[in-house]
Amino acid sequence: MKLALANINLGLWAAAYIKQTAESFLSAHPQEPFTLGLPTGGTVTDMYANLRLFYQTGALDFSPFVTFNMDEYANLLPAHPQSYHSYMQRHLFSGVNIAPQNRHILDGMATDPQAECAAYEAAIRQAGGIQLFVGGVGRNGHLAFNEPGSPFTSRTRKVELTQDTREANARFFGHRLDKVPTHALTIGLGTLLDAQEILILAVGKQKAQAVSTFTQSEPTVSCPLTALKLHPNAMLLMDAQAASLLPKDLKKYFDDLQTKNPEAAIYCLEL
Ligand code: GLP
């Protein structure tokens, strides 16, 4: 897997990467859809703005895309402004030509969450698996809503959110912790690791500790982000703030690359 430091706007780089990956997949498999796994959260709003811009300027046609979102809050109506259904409508679906039947988001209101999660796994399989899964990371290292302790083999399921995650997300609920849902439906780490390729984005100081733990530890369930180390084609892309607590040797590695090639878009280290 690769650890990478962004030297240009990370949202623009990620959007351009999705475009390039989709185009190369579709030129090799013109009859197949391009299956893309998608996240929500503050980290990726810029990436979505750039994807919408690609569509508006005619640079990217989304009609061959089939999307699967990572997660959704449980017991929050889809019409609630902070549901991930609403988020996706606002940030992506209202601005690009992905057909409604090609967009998949877990139903957090499902009366039988287990059946809903099993059907989601089946839909991913039926679509031929995910080509590229893009995600953010929680400040405690969670991926999707796989909190610390989630098995690396976990599949789509209903989970309880940690206090830390609920506190981090309270900013989206008017800083009212009591308004943040206590449970969610999420893809599992096993579901994520099944993707052909994974791109995880880490932006801001809040993520620096999780990124630093990631670089210094073997894969461990106490930091779900470390699951990426088990994947042959994964990248963790950070901005300078998320990289601010890297161990000295890694900092020096990236500093040296930056000095040698100040124009590069990103700097990569194969781990
Ligand atoms: C949320 C989401 C994750 C997201 C993470 C980071 O709880 N379930 O999928 O990656 O936390 O969110 P943000 O980008 O807002 O920091």
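Trainee: How many disulfides does the count come to here?
Mentor: The count comes to 0 disulfides, and please keep in mind that this is a predicted model.

Trainee: Remind me, what is a disulfide?
Mentor: A disulfide is a covalent bond between the sulfur atoms of two cysteines.

Trainee: Is cysteine 223 buried or exposed?
Mentor: Cysteine 223 is buried, with a relative accessible area of 4%, whereas cysteine 268 counts as partly exposed, at 28% relative accessibility.

Trainee: Switching to the sheet, in what order do the strands come?
Mentor: The open sheet is formed by 3 strands in the order 4-8-7, and their pairing is antiparallel. Strand 4 (71-73) and strand 7 (157-160) stand at the edges with a single partner strand each, so one side of each has no neighbour in the sheet. On average, and with direction ignored, neighbouring strands of this sheet are turned by 25 degrees against each other.

Trainee: And how many bridges join strand 7 to strand 8?
Mentor: There are 4 bridges between strand 7 and strand 8 (residues 183-186), and the two run antiparallel.

Trainee: Which residue stands opposite arginine 157?
Mentor: That is threonine 186, which lies in strand 8.

Notes. Residues are numbered from 1 along each chain as its sequence is written. This is a predicted model: local features need pLDDT of at least 70, side-chain atom pairs count only at pLDDT 80 or more; totals for chains, interfaces and linings use all residues. Side-chain values use heavy atoms; hydrogens and water are left out. Two strands pair if DSSP finds at least two bridges between them. Axes are lines fitted to C-alpha atoms, for helices over the stretch in contact, and angles run from 0 to 180 degrees between N-to-C directions. A disulfide is a pair of cysteine sulfur atoms within 2.5 Å. Buried means under 20% relative accessible area, exposed over 50%, partly exposed in between (1.4 Å probe, protein chains only).
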